Amino acid sequence: WRQQAATRCWYRAGYAKLGDARFLGHLDFQRLLQLALRRAGLPLAYSQGFHPHVLLRFGPPLPVGVEGEAEILDLALERQLPDWPGRLNAELPEGVRVLRCEVVGPNLPGPIEADVTRFAYVADLASGPGQAAPAAWRERVAEFLASASWPCTRQRPKGDLELDARAALGGDELAHETVGEGPGRLRFTLQREAGAAGLSPHEF
């Protein structure tokens, strides 16, 4: 269907997944979006064969429980339709919104994973008994940035995987911010090569 889809109009869109929508798993989110696309009555392009499906591709999935402010998907329509994000948003639940889109041509665009290799996160640190003070967080961040490596283990059913958390960080893009009287928040950027194992924001 990749060759047959070349006559379609491909859009690359940015969308947000916020609030309660963050608890949807990736497969559930895909089904939700496909149902909303059909309800919106858009001229969707389909694959060929015995089981046609909507020509829709997503970027790297968000971990369950993590909000996304700048996620990416590719969608093919039978023709150009500049107002399709508004029509789709009217059928989407609260927290899920298409923010922008652009035509990427009649040909199938390359995989999103090939274009997106850096992921920026903001982590609000939980407050409560035993939680470290902001000064301790800043000290820990400085220690991490000064290290040459930071070995960690990802536990998996098929066998543990040894990773370097320092190498996963995008340069020195890690900072602690003070927020009120709580422990604050962390801002960090993780990088990952397509097909290579990486750290999730929770693991980091």
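Visitor: How many helices and strands does the protein have? And how is the open sheet put together?

Guide: Bear in mind that this is a predicted model. The protein has 5 helices and 9 strands. Along the sequence they follow the pattern β-α-β-β-α-β-α-β-α-β-β-α-β-β.

Now the sheet. It is open and built from 3 strands, in the order β5-β9-β8. The pairing is antiparallel. β5 covers 118–124 and β8 covers 169–177. These two stand at the edges, and each has a single partner strand, so one side of each is left without a neighbour in the sheet. From one strand to the next, the twist averages 15°.

Look at the pairing of β8 with β9. Strand β9 spans residues 185–191. It is joined to β8 by 5 bridges, and the two run antiparallel.

Step back to the whole protein. The C-alpha trace spans about 55 × 35 × 30 Å along its principal axes. There are 204 residues, and 36% of them count as buried. The accessible surface comes to about 11900 Å². Carbon and sulfur atoms account for 52% of that surface. Among contacts between residues at least 6 apart in sequence, 68% join residues at least 24 apart. As for charge, there are 23 positive and 25 negative side chains. The centres of the two sets lie 7 Å apart.

Note on methods. Residues numbered from 1 in each chain as written. Predicted model: local features only at pLDDT ≥ 70, side-chain atom pairs only at ≥ 80, totals over all residues. Heavy atoms only, no water. Pairing = 2+ DSSP bridges. Helix = DSSP H or I, 4+ residues; strand = E, 2+ residues; numbered from the N terminus. Axes fitted to C-alpha atoms, helices over the stretch in contact; angles between N-to-C directions. Buried < 20%, exposed > 50% of the residue type's maximum accessible area, 1.4 Å probe, protein only. Contact = heavy atoms within 4.5 Å. Areas by Shrake-Rupley, 256 points an atom, 1.4 Å probe, with all protein chains shown as cover. Lys, Arg positive; Asp, Glu negative; His and termini not counted. Charge placed at Lys NZ, Arg CZ, Asp CG, Glu CD.
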